[in-house]
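Good morning, and thank you for coming.

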Amino acid sequence: MNPGTHFVFGTHNDHGFVASTTASMPAHLAHWFLVREQFEPVPGEPGLYRLTDPERDGPRRTRQAAQDLRRHGYAVHVDADVALAPANPPRPHRPNGLTERRSRIARAAASQSSQRHAVPTTSPPSARSLPPKPTYAPTVHLTASTTGRSR
């Protein structure tokens, strides 16, 4: 591990996906970042944080936290077990999946919509006519006091 590393991410037998900090990172700042990345302090283990709800896409969320911290300019080490975990678990293969999807779309397109065609509640704005142009040009009379001249 690089001596300038600020955060380390990995897995723990008891706590699941974890993050820890190194001595090069101030504890209060590390706590602030990791809590915002959905990690919580592990009681009795100073400097160790566990991912909240690790069952909810834990590998992806851990990798995302590492990526976010790197964007902020911190040196992050991610253990191989987190880095190599599949981002999205494979979906079960359905042999006629595309055919079934197209069939559902076709049935939906052929059926009548349950929504009514709404009539607009307001009328379109009417065209506003321009006021007529004056037939004369107003004359402005200037006096000596308004022109700034003194007599």
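**Aromatic pairs and the sheet**

The structure holds four aromatic pairs. Rings of Phe, Tyr and Trp (its six-membered ring) pair if their centres lie within 6.5 Å; planes under 30 degrees apart count as stacked, over 60 as edge-to-face and the rest as tilted. Trp32 and Phe33 are edge-to-face, because their ring centres lie 5.2 Å apart and their planes stand at 85 degrees.

Please note that this is a predicted model: local features need pLDDT of at least 70 and side-chain atom pairs 80 or more, while totals for chains, interfaces and linings use all residues. Residues are numbered from 1 along each chain as its sequence is written, and side-chain values use heavy atoms, leaving out hydrogens and water.

Is Phe33 buried or exposed? Phe33 counts as buried, at 11% relative accessibility (buried means under 20% relative accessible area, exposed over 50%, partly exposed in between, with a 1.4 Å probe and protein chains only). The rings of Phe33 and Tyr74 are also edge-to-face, with centres 5.2 Å apart and planes at 70 degrees. This pair links distant parts of the chain, 41 residues apart: Phe33 is in helix H1, and Tyr74 is in the loop between helix H2 (58–71) and S5. Helices (H or I, at least four residues) and strands (E, at least two) are DSSP runs, numbered from the N terminus. Tyr74 is buried, at 19%, whereas Trp32 is partly exposed, at 43%. Phe7, Trp32, Phe33 and Tyr74 form one aromatic cluster.

Turning to the sheet, five strands form an open sheet in the order S3-S4-S2-S1-S5, with mixed pairing (two strands pair if DSSP finds at least two bridges between them).
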